[in-house]
Each structure stands twice: as C-alpha cells, then as structure tokens.
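Visitor: Please take me through one part of this model in detail, and give the cut-off behind each term as it comes up.

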Amino acid sequence: MSKIISGFSKLTKEEKIDWLAKTYFNNQPEIIQTLKQYWNVDNKLQQLHDDFIENTVSNFYMPYGIAPNFVINGHDYVIPMVVEESSVVAAASLVAKYWSTRGGFKAEVISTTKIGQVHFMYAGDKKDLETYFNQRKSELYTATASITKNMEKRGGGILDIQLVDKNDKLANYYQLHVTFETKDSMGANFINSCLEAMANQFRNDEIDIVMSILSNYVPECTVRAEVSCKVEDLGGKNPQKFAQKFEQAVKIAEIEPYRAVTHNKGIMNGIDAVVLATGNDFRAIEAGAHAYASKEGQYKSLTHCTVKDGVFKFWIEIPLALGTVGGLTSLHPMAKLSLDMMQKPSARDLMQIIATAGLAQNFAALRALTTKGIQHGHMKMHLQNILNQLGASIKEKEEITTYFENKTVSHSAVVDKFNEIRK
Ligand code: MEV
C-alpha cells in the first residue's frame, strides 16, 4: 500500500502523529508516547517551537553545556555549547582554564563584508550590457531603498555592485556581484531580499535572470583568534618536545587533506556547538569554513602554529557569518539566554568568541593526540553513555566509574565489569 499522503501539512499535530504511527509504526502506542514525552508542558513555549518549522511533531533534545574560564581579550566568558559528543565541553573547559593562566586568548575581526549574486544569462553584445548596467546602477540601489533603510541606520547596507563576466566558464553567464555589510544580523534575509529587488529592476527582454541568492562563502567576513606563550610555560615534563610535536601535527594538517578534514572537524566541534547555542545557522558556518579551508586549491588546516625563538604561537583564521539580532537569536529563549550569558555580544564579539571556541577545541584535540592519544579522554567521557546503554543503576554507575578512574575504558571492559557486578 502506498504511503504517499496529500495535504499532510494541513493536519493537526495529533493527526500527523496518528498518521505516522499508523503508517510507519504499526500503530505502536510507544511511538506516540515517546513523541509526546518531549513536548513542553508550557503550551505557549511548545507552540513557539512548533512554528519554527513545518510538520513539527515533537522536540529533539541536545545537551546544553557551559564551558567556564575563557579569557578573551582580557574579558572573562562562560561559553554555552549545544553538542552531543561527550568530550567537547570538557575539552573546552580544560583548555580555557589552561590558557587563562597563560595570557588568555587574543581575538580580532579582520573583515565583515558578505556577498550575494544575481546570476543571469545574456547572449547579446557585452558592451551594450555594460552600458545598460552603468545606466541602471543607481536604480539598483533605489530599488532596494525600502529594504536597506533600517540597515543603513545601523551603519550597514549595500557597499558595492559589480557586473561580472563569467563567459569563460559558462556561455552567456554574467553576475551582479553585490557586497553587503549587515552589522549585527547574519543578513541572509536582508541580502536575498535586496538581490531579488535588484534582479526585478535589472531584467529585460535580453537579460534572463537564473537566480538571486547570497553566498555562504564569506572570505571577507573573517576573524582571527590566537594563543601564545613561552615554550617553557607550556608545562608538562618536556614542554620543548610537546611544542615540537604539536607544531608537527598542525603542519601535517596543512599539507595532508585526509588529516586536515579531521583536524578541521575537531575545530567545528567547538564552533558548531556555540553556533547552535546562539541560534545561528551552523550549515552556513560549516559550508563557509570548509570552502575557506580550500581557498588555495587544496583542503588545508584552518589553524596554524609556530615555535620560534622559544615562543609557542597557535592561531585560527576563519570566516564566520553570524548574527546576534534577528533570526532565532531573540526568538528562541535558549539562544537569547546564550547571548545574555556572553554579555550580549555584537556580531563582531561573537565572531571572536566562536573562533576562540574552535581554537580551544583544536588545542585540546592536538594536545591529546600528540600525548596520551585521543581515546583515553574520549572513552572516559563516553563511559556514562555505555553505562546508560547497559541500564546500570546509580550505584552500579558509581562503582564502575570509580573502578575505571585509573584504567583504560573500552566498551568490552565496561560490559565485563558490569556483568561481574550483576553476578
Ligand atoms: C573528534 O570529534 C575530533 C577529533 O578527531 C579531531 C582531531 O582529530 O583533531 C579528535
């Protein structure tokens, strides 16, 4: 029997759940129970979440953790993180504390402009198109006046519009390449609205508009975060050796794409967690970051390290198109709380905080990888997940956690210990 349904979005939430249970779960009552178990008891709050997307049937919990002790440009921060991976918040907290006694993190915004493009086809004479563009340019600005008015009051708006010839790559293909400043908003809606208004103004019988859309590649919206200290202040038994191996690990990620992808994935563990906690668009951030990592034609590390004249220096440079106003940032109560927790940052401040979270996460990963190995810490954090899977009681959890304090955690070792206790 076909499971295709028409008019699904028009059903009530209850009806949608009933249809789901009936069609895909043999009407098992547990399915309905599980979905409803995650509804918020506060109807108004649930309605808010229902309205974020279409066809909401429940909420999906992710842990919301906080990493204290971050010192960024001399200010203290506690950073909120939404992430499911056990070790991420622990690693961020450890590294924050570590660098808090070594001068903290220094961060600076390099640039904040964003790009949008009207893609179109034109088969006529290029000179005529150029003339038409130059004649129309001021009208393109005028066409967006009602949209840009408020943004201009905040110091943002359209910075530049260029006609770009892309015929060498695709026959008859041109663009209006538009540069924007969107201040504290991520600006996706603003940019797309401006582009569509421009496209409407620009089209004629010969100009065939294909699409108008912002670019998530934002190499001119970048931030740098850094830590540095004397090699001898790095601590541990042999700080020289540590610094050397750490630098080698970064250099490997600079030249070896297989390693670079995992290296950058670790950076994004920190970045995405704060991006999510602040209601920002993590897909946009991911896409932009990985494109930036490939900007020289080969995928490379987003962080860099030098050990020179007895000084260890480690930094990240990354594009981050973020908002602290608009979108979910004030609508989602937890996103708002996250921003309040970080003292209501501007988008520029948030760029610095989030780049720092990425750098800290990468420092933690490389420190573990080049010393004890990653599994030691990972499995320690994962222990509670294994115990939950096994259905261990609180007492059993305590006993097993104590037992593994000085031992290597593996799934089978935990199962063995669990069975031994149960016997
Ligand atoms: C795991 O989520 C992230 C790491 O693999 C990152 C890295 O290898 O640098 C530990």
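Guide: Strand 8 (residues 222–230) and strand 10 (residues 311–319) run antiparallel and are joined by nine bridges. Strands here are DSSP runs of E with at least two residues, helices are runs of H or I with at least four, and both are numbered from the N terminus. Two strands count as paired if DSSP finds at least two bridges between them. The model is predicted, with local features requiring pLDDT of at least 70 and side-chain atom pairs pLDDT 80 or more, while totals for chains, interfaces and linings use all residues. Residues are numbered from 1 along each chain as its sequence is written, and side-chain values use heavy atoms, leaving out hydrogens and water.

C229 has F312 in strand 10 as its bridge partner, and R224 stands opposite E317 in strand 10. In a regular strand, side chains alternate between the two faces of the sheet.

Strand 10 also pairs with strand 9, again antiparallel, through six bridges. The open sheet has four strands in the order 3-8-10-9, with antiparallel pairing. Its edges are strand 3 (106–109) and strand 9 (303–308), each pairing on one side only. On average, neighbouring strands of this sheet are turned by 15° against each other, direction ignored. Helix 8 (residues 239–255) lies across strand 9 and strand 10, at about 140° to strand 9. Such angles run from 0 to 180 degrees between N-to-C directions, with axes fitted to C-alpha atoms, for helices over the stretch in contact; contact means heavy atoms within 4.5 Å.

Another open sheet of four strands has the order 5-6-4-7, with antiparallel pairing. The twist averages 20° from one strand to the next. Eight bridges pair strand 5 with strand 6 (residues 173–181) in the antiparallel sense, and I158 stands opposite F180 in strand 6. Helix 7 packs on this sheet, touching strand 4 (113–121), strand 5, strand 6 and strand 7, and its direction makes about 165° with that of strand 7.

Helix 7 (residues 188–202) also packs against helix 5 (residues 126–143), at about 135° with axes 9 Å apart. That makes helix 5 oblique to helix 7, as angles under 35 degrees count as roughly parallel, over 145 as roughly antiparallel, 65 to 115 as roughly perpendicular and the rest as oblique. The residues that meet include L129, Y132 and F133 in helix 5 and A197, M198 and F202 in helix 7. By class, this contact has eight nonpolar, one polar and two charged residues. Nonpolar covers Ala, Val, Leu, Ile, Met, Phe, Trp, Tyr, Cys and Pro, charged covers Asp, Glu, Lys and Arg, and the others, Gly among them, are polar.

Helix 6 (residues 145–153) packs on helix 7 at about 145°, with axes 9 Å apart. I147, T148 and M151 of helix 6 make the contact with F190, S193, C194 and A197 of helix 7. Five of these residues are nonpolar, two polar and none charged.
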